[in-house]
Amino acid sequence: MKSLSGKLLELQDIELKLAEITNKDYLEKTGFNIDNEKVVELLEYKKKLETEIPPQYLRRYRALMSKYKRAVALVYDNTCSNCFSKLPTGIKEPSDNEIVFCNVCGIILYFP
Amino acid sequence: MLEKLLSEERIKIGMEARTKEEALKELVELLNLSDESKQIILDALKKREVIGSTGIGRGIAIPHTRSTIVNEVYLIIGVSRDGVDFQSIDNQPVHLFFLLVAPPNDPGTMYLIVLGKIAQIAKRIAKENIDYLSIKDKKELIQLILSLEA
């Protein structure tokens with residue numbers, strides 16, 4: 001069972017992938033073939049994943065994606081990898097059903 | 001450009017995998033990351049393979065993905081003497097792997113440039129029938145790849 005922040009990270013990775021395979025540069029430079037029927041399966045998986053995320057967090061995810069082109073960022077050395085701000089000492093890795101946001105940029109934090 | 005990404009620690013000569021999943025796992029294991037991070041990368045790579053194999057034919061595959069879980073571009077190289085069933089476009093087993101993982105936003109879109117370069121190198125290896133399977137030394141393999149980058 002994935003944590004809530006793990007699901008949001010997976011959703012972001014799927015959206016990155018979908019953006020990539022429709023990028024002209026990507027297809028021209030690499031020459032890879034994409035199976036459109038399988039892309040539909042991936043889209044269905046993404047929809048299913050979205051249903052597993054509480055709506056208020058999904059809305060926040062969308063707002064962050066619009067603002068930063070990403071909504072989830074890793075924590076490295078107690079630092080947000082989106083805005084590079086040091087996190088307050090009180091911020092700890094969330095439980096499976098919780099989400100922690102960066103107190104400076106507001107992005108969803110993922111503790112690897 | 002590839003020189004910065006090539007590291008002996010991220011090269012495996014003599015892969016043991018026989019299937020696509022085993023091959024991806026064996027290569028991802030070379031990353032110095034937590035088990036959870038490696039699993040996330042593996043899942044992302046597998047999802048990419050579902051929408052179209054990155055086995056480009058002539059014994060070469062370029063599995064790749066962007067993932068939030070990494071903060072820099074990683075290139076992993078694997079050589080399998082026996083070959084791996086990778087559902088390549090020509091249905092031939094894969095002997096040479098270039099696995100690329102990149103963060104969501106990388107400076108100067110290095111990922112796409114590297115991916116393009118690797119695709120060119122792979123085509124050259126196939127076209128010129130370069131014998132990479134006889135290479136036993138990682139340094140020698142790195143030198144070969146760098147010589148083909150030029």
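Predicted model: local features only at pLDDT ≥ 70, side-chain atom pairs only at ≥ 80, totals over all residues.
User: Is the crossing of helix 2 and helix 3 of chain B left-handed or right-handed, and how many charged residues does their contact hold?

Analyst: Helix 2 of chain B contributes Lys20(B), Glu21(B), Leu24(B), Lys25(B) and Val28(B), which meet residues of helix 3 of chain B including Ile41(B), Leu42(B) and Leu45(B). The crossing of these two helices is right-handed. Sorted by class, the residues of this contact comprise five nonpolar and no polar, with the charged ones numbering six.

User: Which element of chain B gives the most residues to the side that touches chain A?

Analyst: The contact draws 27 residues from chain A and 24 residues from chain B. On the side of chain B, two or more residues come from each of helix 3, strand 4 (64-66) and helix 4 (110-127). By class, that side has 10 nonpolar, 10 polar and four charged residues. With seven residues, the element that gives the most is helix 3 of chain B.

User: In chain A, which residue in the turn between strand 1 and strand 2 has a positive phi?

Analyst: Strand 1 of chain A pairs with strand 2 (residues 79-80) of chain A in the antiparallel sense over two bridges, and Val75(A) has Cys80(A) as its bridge partner there. The two strands form a hairpin with two residues between them, and the turn residue with a positive phi, about 50°, is Asp77(A).

User: Which residue in strand 6 of chain B stands opposite Leu75(B)?

Analyst: Strand 5 (residues 74-84) of chain B pairs in the parallel sense with strand 1 (residues 11-13) of chain B over three bridges, where Ile11(B) has Ile77(B) as its bridge partner. Strand 5 of chain B also pairs with strand 6 (residues 94-102) of chain B, here in the antiparallel sense over seven bridges. In strand 6 of chain B, the residue opposite Leu75(B) is Leu100(B).

Key:
Residues numbered from 1 in each chain as written. Chains lettered and ligands numbered in written order. Left-handed = near helix turned anticlockwise from the far one by under 90°. Helix = DSSP H or I, 4+ residues; strand = E, 2+ residues; numbered from the N terminus. Contact = placed C-beta atoms within 7 Å. Nonpolar A, V, L, I, M, F, W, Y, C, P; charged D, E, K, R; others polar. Pairing = 2+ DSSP bridges.
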